[in-house]
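Me: Hi! I have a protein open on my screen and would like to talk it through with you.

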Amino acid sequence: MAGTVCGKVAVVGMGSWGTAAAGLLARNAGEVCGWALEEEVARGISEGHRNPLYLPSYELPANVRATSSMGEALDGADAVVVVVPSAFMRPTAERLAPLLGDDVPVCVLTKGVEPGTMMLMTQVVADVCGGPGRMACLSGPTHAEEICQGKPAAAVVAAASDAVADLFRSLFIAPSFRAYVSSDMVGVEACGAVKNVVAIACGIARGLELGDNTSAVLMTRGLAEIGRLACAMGAEPMTCMGLAGMGDLATTCMSPHSRNRTFGAALVAGETLDEYQARTRMVVEGAAAARSAHELAGRLGVDAPIVAAVHAVLYDHAPLQGEMRRLLDRMPYDEFYGLGGDAR
Ligand SMILES: NC(=O)C1=CN([C@@H]2O[C@H](COP(=O)(O)OP(=O)(O)OC[C@H]3O[C@@H](n4cnc5c(N)ncnc54)[C@H](OP(=O)(O)O)[C@@H]3O)[C@@H](O)[C@H]2O)C=CC1
Ligand SMILES: O=C(CO)COP(=O)(O)O
């Protein structure tokens, strides 16, 4: 029944995932008000209950509306969900800060690492808005296209405070959507950011017609790489085995809905990042994450060859086949090196 958990939830960012998330939240909040950058999106949702630009075939529940005024979206909100692309997180948080009540809990659905500061997305919002204790993040295998169709899915809500984690779990849970909880915010966010880079590698492999074995190897070795990086950032190892790690890696590397995987294949066909994003209007988070993850790996002394290969292809104009060859030519070491295995 709508409205049983809280009165009003604001969703900041009405792209694909913001739209699908608003649909989930509408079951448990009295009212959901989305903030959209574009007036066309806000009007389409409020007047026609559809987002004209993202997932236009999905009819939103009657208690979801949207506005291009951040003040109106935030006014009286009991909880806030932020889901703008990572590149816009800091400027969006700066607009949010003066409108956000002191104790209002915030859940971030965006996946990325801020270039330069190397902050995770909840850290960026807390840096600007204050109140790290009110922050949460939700991540997992949640392609918006399938959530809108009511296909069963699950994610994990991580927060430092049990009360904040419990609130967002209650807000997101639905008959076809399970929300688990965790206290490992770093692990959940690090996994979400780095898996997108591995998905680009899987897309490249697919574009090169390298087969399912190759994809499985990239996913498995990618998970080892995610584990090494996330643990060096302070994550708990088991988080990488969960919904935010293995679960999201699997869907992003295998699903035709994945922008990151599709972009990898498009690269092989000769398309650039700018061309791909302009054509689809959708963000490829793994491209920015490749830069941050590559720099982080260097800073933390972590071996991250798949991240390095994607980075080389995207930013050093390295040939695709050459990078794939370089990955294959590396001397294989202990399978769990950096995760408890020997350096041999
Ligand atoms: N799509 C999915 O299935 C999932 C996405 N995510 C993550 O969610 C985040 C958002 O992705 P997604 O919803 O897919 O986005 P989309 O690629 O579907 O849409 C792009 C979004 O960016 C917004 N935007 C463009 N320019 C700006 C700006 N200057 N300031 C603020 N917002 C801007 C657009 O707003 P407008 O339309 O109003 O112009 C739109 O909401 C990403 O980090 C992604 O990794 C996580 C899980 C699933
Ligand atoms: O994070 C996602 C699914 O959980 C979305 O991945 P893509 O951005 O590759 O579509």
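This is a predicted model: local features need pLDDT of at least 70, side-chain atom pairs count only at pLDDT 80 or more; totals for chains, interfaces and linings use all residues.

The chat below goes from the overall fold to the domains and then to one residue.

Me: Thanks. How many helices and strands does the protein have?
Reply: There are 16 helices and eight strands in the protein.

Me: What share of the residues is buried?
Reply: Of the 344 residues, 51% count as buried. On contacts, take the ones between residues at least 6 apart in sequence: 70% of these join residues at least 24 apart.

Me: Nice. What does UniProt annotate for residues 8-163?
Reply: The unreviewed UniProt entry has the annotation "domain: Glycerol-3-phosphate dehydrogenase NAD-dependent N-terminal" for residues 8-163. In the model, that span is 31% helix and 22% strand, and its end C-alpha atoms lie 18 Å apart.

Me: How is the protein divided into domains?
Reply: Domain 1 covers 6-183 and domain 2 covers 186-329. Their C-alpha centres lie 25 Å apart.

Me: How many residues of each are in contact with the other domain?
Reply: On the domain 1 side, 26 residues are in contact with 27 residues of domain 2. The elements of domain 1 giving two or more residues to that side are helix H5 (121-129), strand E6 (135-139), helix H6 (144-148), strand E7 (153-159) and strand E8 (177-182). E7 gives the largest share, four residues.

Me: What classes of residue are on that side of domain 1?
Reply: The side of domain 1 that touches domain 2 has 15 nonpolar, eight polar and three charged residues.

Me: Switching topic: where is Val83?
Reply: Val83 is in the loop between strand E4 (79-82) and helix H4 (89-96).

Me: Is Val83 buried or exposed?
Reply: Val83 is buried, because 28 other C-beta atoms lie within 10 Å, and the cut-off for buried is 20 or more.

Me: Which residues is Val83 in contact with, leaving aside neighbours within four places in sequence?
Reply: Val83 is in contact with Val11, Val12, Gly13, Trp17, Gly18, Ala21, Leu109 and Thr110.

Me: And what separates Val83 from Tyr276?
Reply: Their C-alpha atoms are separated by 21 Å, and the two residues are 193 residues apart along the chain.

Key
Residues are numbered from 1 along each chain as its sequence is written. Chains are lettered from A and ligands numbered from 1 in the order in which they are written. A residue is buried if 20 or more other C-beta atoms lie within 10 Å of its own, exposed if 12 or fewer, and partly exposed in between; C-beta atoms are placed from the backbone. Two residues are in contact if their C-beta atoms, placed from the backbone, lie within 7 Å. UniProt positions are given in the numbering used here, feature names are shortened, and annotations may be inferred rather than shown by experiment. Domain bounds come from an automatic or database domain assignment. Ala, Val, Leu, Ile, Met, Phe, Trp, Tyr, Cys and Pro count as nonpolar, Asp, Glu, Lys and Arg as charged, and the others, Gly among them, as polar.
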